[in-house]
Amino acid sequence: MKRLFLLGICAALLFAAACNTNELDSIACGAVSGAQRNSSEGVKKVAAPVYPENEEEQEETGDTMEFLTALSGFSSKSAAVLLGGGQKNTVYSPVSLYMALALSASGAAGDTLEELHSAMGLSLSSKSDVADSVKALYKELYGREEYGHLFLYNSLWLSSENTFHQGFLNGAKDDYFAEVFTVDPSAAQKSDPISDWVSEKTGGKLEREPSELGEIVMNLVSVIDFYGEWTDRFPKEGNTTGDFTLSDGGKVAAEYMNRGSTGGFYRGNGWTQAALSCKNGARMSFILPDEGKDINSLIADADEVKKMLSPGDSAGVESLYGEITWSVPKFDFKCELGLVDMLKSLGVQSAFDSDADFSETSDLKPLFIADARQAARVAIDENGVSAAAYTELFYAGSGMPQDRAEMVLDRPFAFAIAYRGVTLFVGVVNNPS
């Protein structure tokens, strides 16, 4: 039941230890020695979790219902901020971001921890409670079935020039199923290791733009990869081509999949919701606005989004049963989202400041989240639905901007050219002409 509950959420929104010889321990004591590194790329995997096996072999590690309720509330609030009012195709994975925030909070303290837990709806939860819930939920969701799969992956990418706390690293691996890598920021890279990891974990569905690793102290990356086969496939011979009316009244051609069914659906204030079921128990819900209503405006209301995602538990939503005529356009799109402004609107402030308290991650000062992003892709066809997303938190260790510089070089100025720390040229320009 719990599994179906979270899969329903996801589907609807597809719209200080001593050093020893242990490799994970060694990075808690600073840089990994040159002999331990991959000399060609300067990247080494130092820890890997034991991923869950089949459901029958999983032991219960905690009650997830309170955690799921918090995740549901976070999903509604964050989706309303990110998706509301837009005019472009957008897809967002709240569970990917939620897992990333939970892991980030495990290394936070003070106001930073309080703000993260508050935004996640977990103000009354301890770190150990959150870790137990994440572990239980992860084990409940993760896996491949005959007609689909749901894979969740986390990873930490640590600068080998810095020291990280043993407790944080152990918890990341054991409770959050995170792979842990060290990266030598000065080593020449044949390819971007984080981008390669994202592509591998999403089965090639998503590509991440390579980034400069030298400026980042730690990257936290959370991936979700989902596929579900429809319980009743759409007959390809029933496909038609027709107009799709845009928000501005313009029209574009679309290929529609068509079939009929009998089942339950819901009517809310200005919208109708019905769902297609998958053989693995997942459901993809579709919310169609009434004629004259704008879905972008409706989804900007967090309370209305909550009703759309959980209509059976919402007052003012009519539950009906009858014939459903499906005419669904095939689509395949991806998008990228900046998450910082949304997180700040939910009360996460100190995590982005130079005085952020990630003291249980590392003693490095300052240490703060410099950026937060997500990329996602979703596609549907006659057979089923495929979706993937990755969330990335970038941790930096240099101060936040305190002022602004306007480099308008309209008077004599000096310059210097350096390469790998060696100053090659220094000069002064008094007259550029």
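Which residues is N280 in contact with, leaving aside its neighbours within four places in sequence?

## Around N280

The model is predicted. In it, N280 sits in the loop that joins β8 (271-277) and β9 (283-289). Leaving aside its neighbours within four places in sequence, N280 is in contact with E145, Y147, G148, H149, F226, Y227 and G228.

N280 has a relative accessibility of 14%, so N280 counts as buried, the cut-off for buried being under 20%. A polar atom of the N280 side chain also lies 3.2 Å from the backbone nitrogen of A282.

## A nonpolar surface patch

On the surface, a nonpolar patch is formed by F244, L246 and V252. Together these residues have about 220 Å² of accessible area.

One of them, V252, belongs to strand β7 (residues 251-268). The relative accessible area of V252 is 36%, and therefore V252 is partly exposed: the value falls between the 20% limit for buried and the 50% limit for exposed.

## Confidence in the model

The average pLDDT of the protein chain is 80, and 79% of the residues score at least 70. Helix α5 (residues 110-119) has the highest confidence, at 97, while strand β14 (residues 413-419) has the lowest, at a mean of 30. Over residues 413-430 the pLDDT is below 50, and this stretch has 21 contacts in the model beyond near neighbours in sequence.

Residues 29-40 also have a pLDDT that stays under 50. For them the model has 26 contacts beyond four places in sequence. Where pLDDT is low, predicted coordinates should not be read in detail.

Notes
Residues numbered from 1 in each chain as written. Heavy atoms only, no water. pLDDT = per-residue confidence, 0-100. Helix = DSSP H or I, 4+ residues; strand = E, 2+ residues; numbered from the N terminus. Contact = heavy atoms within 4.5 Å. Patch = residues over 30% accessible without salt bridge, like charges linked within 9 Å, V, L, I, M, F, W, Y side chains within 5 Å. Areas by Shrake-Rupley, 256 points an atom, 1.4 Å probe, with all protein chains shown as cover. Salt bridge = Lys/Arg side-chain N within 4 Å of Asp/Glu carboxyl O. Buried < 20%, exposed > 50% of the residue type's maximum accessible area, 1.4 Å probe, protein only. Polar contact = N/O pair within 3.5 Å; in protein donor to acceptor, adjacent residues only side chain to side chain.
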